Amino acid sequence: MPTTSTFSPTCAAVDLSALTDNLTQFRRVLSPGCGVLAVVKANAYGHGAVEIASALIRQGVARLAVVSLEEGLALRHAGIDVPIVVLGPLFREQVDDVLAHRLTPVVSDPALLTDVARAAASLSGPYPIHIKVDTGMGRLGLTLKDLTALMTSGRFPASVHFEGLMTHLADTDGESADATERQLAQFDQAIRAVAAAGFTVPLIHAANSGGAVRFPHARFSLVRPGIMLYGYHTLPKSVPVPDLKPVLTLRSTVAQLRTLQPGQTVSYNGTFTARRPTRVAVLPIGYADGVSRRLSNCGQVLLRGRRAPIIGLVCMDMMMVDATHIADAAVGDDVVLIGRQGHERITADEVAAWLGTIPYEVLCAIGPRVPRRYHESGPAASTLSI
Ligand SMILES: Cc1ncc(COP(=O)(O)O)c(C=O)c1O
């Protein structure tokens with residue numbers, strides 16, 4: 001979001017050096033020749049798709065993945081020129097725009113293949129597509145039977161280039177590897193069916209971050225990391241994981257401090273009642289910015305390097321924390337909701353645990369009106385002046 005002032009009381013500080021480090025660490029597990037299709041959907045998991053995509057391209061990432069036509073168009077309009085794969089379902093009404101902007105569709109049903117082939121027929125050369133096969137996610141993709149029928153029909157359209165064959169693994173972060181192994185066995189059948197029909201498909205891909213790290217035989221010629229680029233993972237503790245750094249710090253600023261007397265309440269519906277004189281810090285960030293209302297009376301923030309509990313209901317634009325034990329807290333103090341401050345740290349994992357969810361959801365929830373501030377190096381932008 002554009003800002004007129006350089007001071008943003010609430011912002012997300014995005015450390016592009018941490019992103020680069022995570023990419024380097026992640027690439028170390030890949031064999032030479034295995035490419036990275038970096039997943040920058042959902043505004044790059046809340047980090048800002050254009051800046052993250054640009055930073056990854058500077059590091060040699062040759063392909064990006066988004067989920068929708070709109071996400072692809074936003075990158076194209078920002079001047080991003082590398083191949084962009086649209087992972088999500090596409091509709092026939094969107095096909096012309098997909099081709100006009102050189103986005104690579106993932107074909108998950110035969111009808112879409114017909115639509116793409118028709119639109120591509122007027123172009124000069126075969127148009128690249130990826131075909132997805134469902135091996136157990138139960139979401140998108142041709143069945144193995146449909147794929148085999150398509151391959152052996154002799155009617156594969158000449159106007160399209162079968163550039164990629166993919167599947168999506170549903171349980172790479174599960175305790176057991178069994179479901180993933182079953183999916184990989186099915187995918188192997190799909191690869192054989194395609195090869196047996198005489199197709200040479202340059203890009204074969206199945207693995208998300210966890211799949212790529214945990215299952216070497218899931219790497220094929222391309223992997224699709226998302227969450228690990230941003231410094232998180234959900235793999236079981238038993239799985240060795242590259243050394244990752246969280247890329248994003250979510251911060252705000254103390255806007256007001258007030259003292260409540262015993263019996264006074266905080267925020268809508270009076271869900272928090274002061275039992276003693278209570279110093280309350282008001283923060284200009286709320287659920288419209290991505291701080292879940294379910295953190296009301298449950299989550300914490302960092303203030304002057306110490307944890308301050310969230311009290312009362314989180315409002316749309318503001319929230320309150322108990323700063324009674326932080327005697328020197330002052331208006332204008334930096335507050336960290338995700339990230340480090342002093343010796344303390346709150347990760348998206350911890351916030352996710354409070355909410356009973358995963359770090360993905362916590363990061364993606366950070367709303368569009370939170371300005372993203374990009375920096376190259378050093379500690380995430382928490383200025384702790386104590
Ligand atoms: C099809 C597909 N591939 C790859 C990814 C990236 O997954 P991760 O963020 O776990 O690396 C996603 C994300 O949900 C996805 O939907």
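**Reading salt bridges, a strand and confidence**

A: R92, D115 and R118 are linked in a network of salt bridges, a salt bridge being a side-chain nitrogen of Lys or Arg within 4 Å of a carboxyl oxygen of Asp or Glu. This is a predicted model, in which local features need pLDDT of at least 70 and side-chain atom pairs count only at pLDDT 80 or more, while totals for chains, interfaces and linings use all residues. Residues are numbered from 1 along each chain as its sequence is written, and side-chain values use heavy atoms, with hydrogens and water left out.

Q: What does the protein average in pLDDT?

A: pLDDT is the predictor's confidence in each residue, from 0 to 100. The protein averages 96, and 96% of the residues score at least 70. Over residues 380-386, however, the pLDDT is below 50; beyond near neighbours in sequence, this stretch has 20 contacts in the model, a contact meaning heavy atoms within 4.5 Å. Where pLDDT is low, the predicted coordinates should not be read in detail.

Q: Which way do the residues of strand β1 point, and are they buried or exposed?

A: In a regular strand the side chains alternate between the two faces of the sheet. From β1, C11, A13 and D15 point one way and A12 and V14 the other way, and all are buried. Buried means under 20% relative accessible area, exposed over 50%, and partly exposed in between (1.4 Å probe, protein chains only). Strands (E, at least two residues) and helices (H or I, at least four) are DSSP runs, numbered from the N terminus.

Q: In which sense does β1 pair with β10, and in which sense with β20?

A: Two strands pair if DSSP finds at least two bridges between them. β1 (residues 11-15) pairs with β10 (residues 248-253) in the antiparallel sense over 4 bridges, where C11 has R251 as its bridge partner. With β20 (residues 372-375) the pairing is parallel, also over 4 bridges, and D15 has H375 as its bridge partner.

Q: How many salt bridges does the structure hold, and where does the pair D322 and R276 lie?

A: The structure holds 14 salt bridges. The side chains of D322 and R276 meet in one of them (3.5 Å, N to O). D322 lies in strand β17 (residues 319-322) and R276 in the loop between β13 (272-273) and β14 (278-283), so the pair ties together parts that are 46 residues apart in sequence. D322 is buried at 7% relative accessible area, whereas R276 is partly exposed at 42%.
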